[in-house]
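Reader: I've got a structure to look at. Can you walk me through it?
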Amino acid sequence: MYAEDTDISFEIKHFEMTEQVVAVKIQENEALHDYIALKQIWDAMDGKNWSFTGDAETSGANWLFEFADGTPRPIDAWGNQPGVELNSQGRVISLNLGAFNPLGVVPAAIGQFSELQILYLGTHDEEYEGDVNDGMEGMRYNPYTLAKRGIDLRQNRLEIAKERTALRRKGHHKDLYRSKLKYGNTTTKYKYLQPYAQATGEPANRITGIDEAIGNLSNLEILFIANTQMKELPKAISKLTNLSDIELFNLPLTDLDGSMFKDLTNLISVNISGLYKMTPEKILAALEEVCKNCVNVQLLYINDNKLTALPSNL
């Protein structure tokens, strides 16, 4: 992993080109361990076939660990990847995996990112599809795109919620026009709305599970799990007591253990929507636990669950 600290002798001759490979020793630190974990995740989840989908990064982008000629990329540059955000110490603080269509179980290496604040294991768009002439065609809400534009998802969550409501409810289009988070020209009424780009029951990535090591992410504040092929959640999510926002959207879960929320008392925004394999009764029971334990929740999204009743303790 690191070069040996040994002497290397070579001769320099006049008027001759001298070439010598010199190994450079890099000081080991937690940032480098983060980058090694990125490589381990990439290797474990079919990284060579990754391709970014979305408009916040270059379409088709992938992570780079070696150059086109096969030369290894320096390990201290491995953190500079699309979908990865670093802090001033070089630690990973935001990670988008879902948009690359990774395959399989997110491995134990995910537990290395002790400074991680936002984890995207799939997200969904909420879109406005308007007339090409109205200046608003293709307007959408996507949390990763907003974050890449420098908008803090936490500080602006209520304003963002207003826009999401405006996109879902045709009669509330005027709320979007008054919003502080401008998306562009908003002078014409909508022609029609399309709440979600991904239809319920259609996975958009190949994630099938998450290792229990996710419970080590003590600084994680926002967790998106959407449009995956996951049939169950890791129990260790219950350890993420710093979470303020969680989204479980369009997942083939057959059960959702409500006790998972017992210690997630810092949650402010909860989205449990489109759990198309679960019965409404099971979903309602989980929501009862959310309402019982997560007393600081201000935003609760429970769309597309075929519910006929709301939690009694809402």
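Reader: How do the residues lining the largest pocket divide into nonpolar, polar and charged?
Author: The lining divides into 7 nonpolar, 13 polar and 3 charged residues. Ala, Val, Leu, Ile, Met, Phe, Trp, Tyr, Cys and Pro count as nonpolar, Asp, Glu, Lys and Arg as charged, and the others, Gly among them, as polar. This is a predicted model: local features need pLDDT of at least 70, side-chain atom pairs count only at pLDDT 80 or more, and totals for chains, interfaces and linings use all residues. Residues are numbered from 1 along each chain as its sequence is written, and side-chain values use heavy atoms, with hydrogens and water left out.

Reader: New topic. How many aromatic pairs are there?
Author: The count is 10. Rings of Phe, Tyr and Trp (its six-membered ring) pair if their centres lie within 6.5 Å; planes under 30 degrees apart are stacked, over 60 edge-to-face and the rest tilted.

Reader: And why is the pair of Trp 63 and Phe 100 edge-to-face?
Author: Their ring centres are 5.9 Å apart and the planes sit at 65°, so the pair is edge-to-face.

Reader: Are those two buried or exposed?
Author: Trp 63 is buried, at 4% relative accessibility. Phe 100 is buried too, at 0%. Buried means under 20% relative accessible area, exposed over 50%, partly exposed in between (1.4 Å probe, protein chains only).

Reader: Which residues form the aromatic cluster?
Author: Ten names to find: Trp 42, Trp 50, Phe 52, Trp 63, Phe 65, Trp 78, Phe 100, Tyr 120, Tyr 144 and Phe 224.

Reader: What lies over the face of Phe 65?
Author: Lys 39, at 5.6 Å from the ring centre. The rule wants NZ of Lys or CZ of Arg within 6 Å of the ring centre and within 35 degrees of the ring normal.
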